[in-house]
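Morning, everyone. Please have the structure open on your screens while I talk. I'll go through strands, then charged pairs, then pockets.

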Amino acid sequence: MNASPKAPTPSGADTGTGKTWPHERSELRRALLARRREWSAGAEARLAADQLGEQLLHLLRQLEPLSLGLYWPLEGEFNAAAWAAEHKLGARMQLALPFARKAGDRGPASMDFRRWDGQEPTLKDECGIPSSGGAVLVPEVLLVPCLGYTREGFRMGYGGGYFDRWIEAHPGVTTVGLAWACCEAPFEVQAHDQALTVVLTEREVIAP
């Protein structure tokens, strides 16, 4: 079950790293992208990916899910798909990738998860992100990429709302946010924001 929302830290407050973030969401996203881009070019990024992968492997050993929702990484994100293939998770559980649909004549923007065989995708969703053409699957555990995150378990994404809508519609799914520690950024929680069950960074496990 997803964690219950807690009172958020005031938007723009210092998180203890000496960094003060913008208040407005579009500005915050730009600042987070710039921070991640700068950090990803440094020597510590590769080690951080290994550390985050170890955190995630330990958590999944505890949860023992029969199915796992992944995502195809954008630049600077933890590569969960490659990590799952490297650890041969597909031999122990069903894997799935999201397929996003843009808003249009068929209805509002939406997303579902489709079984993935672990091979390089040949299909892209309507947002142009590699996906799968397998059967629709509701995973027991869902890995969620975080552009930014708070210690209360909320994430900052790219503004499309795909993951928030899916999580709201599937309250029984365990949601695991994957983030880099440098992108902790408090922001004002809005009505559509969904709290994650847990957030993992290369440094810690945050269970609100």
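**Strands, salt bridges and pockets**

Start with two strands: β9, residues 174–178, and β10, residues 198–200, run parallel and are joined by three bridges. Within this pairing, glycine 177 stands opposite valine 199 of β10. Keep in mind that this is a predicted model.

Now zoom out to the sheet. Seven strands make it up, and the sheet is open. Read the order with me: β3-β2-β1-β6-β9-β10-β11. The pairing is mixed. Which strands stand at the edges? They are β3, residues 110–116, and β11, residues 205–206. Each has a single partner strand, so one side of each is left without a neighbour in the sheet.

Next, the charged pairs. Here is the general idea: side chains of opposite charge can pair when their charged atoms come close. How many salt bridges does a search of the whole structure find? Six. I'll take three of these pairs.

Pair one is aspartate 193 with arginine 25. Their side chains meet in a salt bridge at 2.5 Å, N to O. The two residues come from distant parts of the chain, 168 residues apart. Aspartate 193 sits in the loop between β9 and β10, and arginine 25 sits in helix α1. Buried or exposed? Aspartate 193 counts as buried, at 7% relative accessibility. Arginine 25 also counts as buried, at 13%.

Pair two is aspartate 112 with arginine 101. This salt bridge is 3.1 Å, N to O. It links strand β3, which holds aspartate 112, to strand β2, which holds arginine 101. Aspartate 112 is buried at 14% relative accessibility. Arginine 101 is partly exposed, at 24%.

Glutamate 184 lies in the loop between β9 and β10, and arginine 151 in the loop between β7 and β8, so the pair ties together parts that are 33 residues apart in sequence. Glutamate 184 is buried, with a relative accessible area of 11%. Arginine 151 counts as partly exposed, at 37%. There is also a network: salt bridges that share partners join Arg101, Asp112 and Arg114.

Stay with glutamate 184 for a moment. Its C-alpha atom is separated by 9.0 Å from that of leucine 147.

The largest pocket has a volume of about 510 Å³. It is lined by 27 residues, and the closest to its centre are Arg155, Tyr158, Gly160, Tyr162 and Phe163. Which elements each supply at least two lining residues? α1, β2, β8 and α4 do. By class, that lining has 14 nonpolar, six polar and seven charged residues.

The second largest pocket has a volume of about 360 Å³. Of its 17 lining residues, Ala45, Arg46, Ala49, Asp50 and Phe78 are the closest to the centre. Here α1, α2 and α3 each supply at least two residues of the lining. Which of them gives the most? α2, with six residues. The class count for this lining is seven nonpolar, five polar and five charged.

Methods:
Residues numbered from 1 in each chain as written. Predicted model: local features only at pLDDT ≥ 70, side-chain atom pairs only at ≥ 80, totals over all residues. Heavy atoms only, no water. 1 Å grid on protein atoms, 1.4 Å probe; cavity = no way out; pocket = protein on both sides within 12 Å on 5 of 7 lines; lining within 4 Å. Points joined across faces, edges and corners; volume = space filled by probe spheres on them. Helix = DSSP H or I, 4+ residues; strand = E, 2+ residues; numbered from the N terminus. Nonpolar A, V, L, I, M, F, W, Y, C, P; charged D, E, K, R; others polar. Pairing = 2+ DSSP bridges. Salt bridge = Lys/Arg side-chain N within 4 Å of Asp/Glu carboxyl O. Buried < 20%, exposed > 50% of the residue type's maximum accessible area, 1.4 Å probe, protein only.
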